[in-house]
Every structure is written in C-alpha cells, then in structure tokens.
Amino acid sequence: MRFNLFITVCLTIIMISCSNDPEKPGRIFMPDMVYHRSYQPYAPSPVFDDSLSSRMPVHGTIPFGALPQDPDVQTNENMLISFRYHHYIPNTEEGYEMAGEMLENPYHLTEEIISKGKRLYAINCAVCHGDDGGGVGPIVENGAYPQVPSFQDRLPLITEGQMFHSITYGRNLMGPYAGQVTPEERWALIYYIQQLAGTGPFMDEGTEEETEAEIIITAEL
C-alpha cells in the first residue's frame with residue numbers, strides 16, 4: 001500500500017513538472033544543478049589568490065579541434081608529439097638535436113600534401129627563401145634582409161625533425177612560425193621544401209650516397 005502511494009506521488013510530481021509550453025520550463029527541484037554559479041571570464045574570483053577567474057590551461061593541453069580526429073593520427077606517437085611539441089621538446093640546442101633524432105614526417109607523401117605545402121610556402125616562406133628555395137626572396141633581393149642559406153645546400157645536412165624544430169621555434173635570423181602554421185601544415189611545408197631541394201623522399205640513390213659522405217665529412221670537420 002505504501003509502495004503504491006509512493007509511486008503515485010512520484011508520478012504526480014513528474015506529470016505536473018512537464019509542460020508543452022516552451023516558455024514554461026516546468027518546476028525546478030534542484031536549481032543549483034540547473035543554474036550554475038559561473039564567473040564571467042574577466043570577473044574577479046574569490047577562489048584564487050590572484051583573483052583571476054580566467055585560468056591558464058594545464059601545460060601540454062591541446063586546444064579543442066586542434067588534433068585531427070583521424071585514428072591514424074591519434075595512434076601515431078610521432079604525430080602526437082608534433083601536436084604537443086612544446087610539451088616534449090624545448091627551444092634549445094638540445095631540443096634541436098632531440099627533434100632530429102625523434103621525429104620523422106608522419107604523413108604520407110601525396111600530391112595533395114605537396115600542393116598544400118606549396119601554397120603555405122608561397123604565403124610564409126618565399127618572401128625570404130625565394131620561389132625556388134635558393135635563398136634569394138624579394139626582401140633579400142632588395143637588400144632589406146641578409147642572404148639566407150639555400151635549401152639545396154642546407155637541407156641535405158639536417159633531418160626532418162630539425163626542420164620541424166626550426167619552423168616551430170625559429171632558427172638563427174628566422175622567427176618562429178608555430179603561430180602561423182599548424183603541426184600538420186609544418187609537415188606539408190617540409191615535404192615541399194624537400195621537393196625543392198631534391199632531398200628526403202625526392203632524393204635519388206646516387207645523390208643520397210654523396211650526401212651521406214658530405215655529412216660524415218662535415219661531422220669530422
């Protein structure tokens with residue numbers, strides 16, 4: 001009897017809480033669950049010592065939407081390191097060498113990624129490095145910027161990971177481009193400049209043997 005009475009009361013409460021009128025949300029039994037006591041981004045907060053409501057994200061946090069949802073990406077350790085690069089590899093000479101040992105281009109070489117790299121190169125790189133990667137872009141040609149090394153001379157001597165580090169943090173007179181190009185776009189750029197220089201996957205076997213000999217000689221010097 002008591003159980004039936006309890007069920008009846010519950011059903012009655014549920015029924016009177018429902019309404020077909022969208023302007024009337026119905027009776028709210030737990031208002032704290034419905035109306036959150038949130039702070040505005042720039043409002044002072046009594047919770048933290050610095051009184052700031054806006055908090056810095058946890059170190060290594062990946063912005064929502066920044067990581068591709070492709071399972072091949074999310075299960076590829078090198079690719080994940082690319083997207084959390086600042087967390088794993090510092091902007092130091094040791095980090096430069098570490099990147100050279102750890103990272104290889106995780107994306108497949110396709111016409112689409114080359115086309116993407118070419119477009120990004122024209123936007124971000126050609127002004128200094130030149131359309132052909134020879135190191136004589138418009139601002140070098142008019143004397144506003146010093147000569148930069150040509151890709152044909154430089155790329156055979158460094159790894160893909162070191163290229164990624166240089167684009168991310170900058171190198172010598174070149175500034176960082178992590179804010180302009182995403183990790184995926186950096187790898188597309190690397191494919192394209194390798195194509196310009198005839199290195200990496202674009203190197204023929206004879207050239208590869210000569211380059212390895214040059215690297216050994218350079219290391220000995």
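Helices here are DSSP runs of H or I with at least four residues, numbered from the N terminus. The model is predicted, with local features requiring pLDDT of at least 70 and side-chain atom pairs pLDDT 80 or more, while totals for chains, interfaces and linings use all residues. Residues are numbered from 1 along each chain as its sequence is written, and side-chain values use heavy atoms, without hydrogens and water.

**H11 against H12**

Display the side chains of Glu160, Met163, Phe164, Ile167 and Thr168 on H11, together with Pro183, Arg186, Trp187, Ile190, Ile193 and Gln194 on H12; these residues make the contact (heavy atoms within 4.5 Å). The contact comprises 7 nonpolar, 2 polar and 2 charged residues. For these classes, Ala, Val, Leu, Ile, Met, Phe, Trp, Tyr, Cys and Pro are nonpolar, Asp, Glu, Lys and Arg are charged, and the others, Gly among them, are polar. The axes lie 10 Å apart, and the packing angle is about 120°. Axes are lines fitted to C-alpha atoms, for helices over the stretch in contact, and angles run from 0 to 180 degrees between N-to-C directions. H11 and H12 are therefore oblique to each other; angles under 35 degrees count as roughly parallel, over 145 as roughly antiparallel, 65 to 115 as roughly perpendicular and the rest as oblique.

**H6 against H11**

Next select H6, residues 93–102, whose axis comes within 6 Å of that of H11, with a crossing angle of roughly 135°. This pair, H6 and H11, is therefore also oblique. Here Gly95, Tyr96, Glu97, Ala99 and Gly100 of H6 meet Gly161, Gln162, His165 and Ser166 of H11. By class, the contact of H6 with H11 has 2 nonpolar, 6 polar and 1 charged.

**H7 against H12**

Move to H7, residues 111–124, which packs with H12 at about 90°, the axes being 7 Å apart. H7 is therefore roughly perpendicular to H12.

**The largest pocket**

Finally, centre the view on His129, Phe151, Ser166, Arg171 and Met174, which lie nearest the centre of the largest pocket among its 26 lining residues. Helices H8 (126–129), H10 (151–154), H11 (160–169) and H12 (183–197) each give two or more residues to this lining. The lining has 18 nonpolar, 6 polar and 2 charged residues. A pocket is an open set of points, on a 1 Å grid over the protein atoms alone, where a 1.4 Å probe fits, with protein on both sides within 12 Å along at least five of seven lines; lining residues have an atom within 4 Å of a point.
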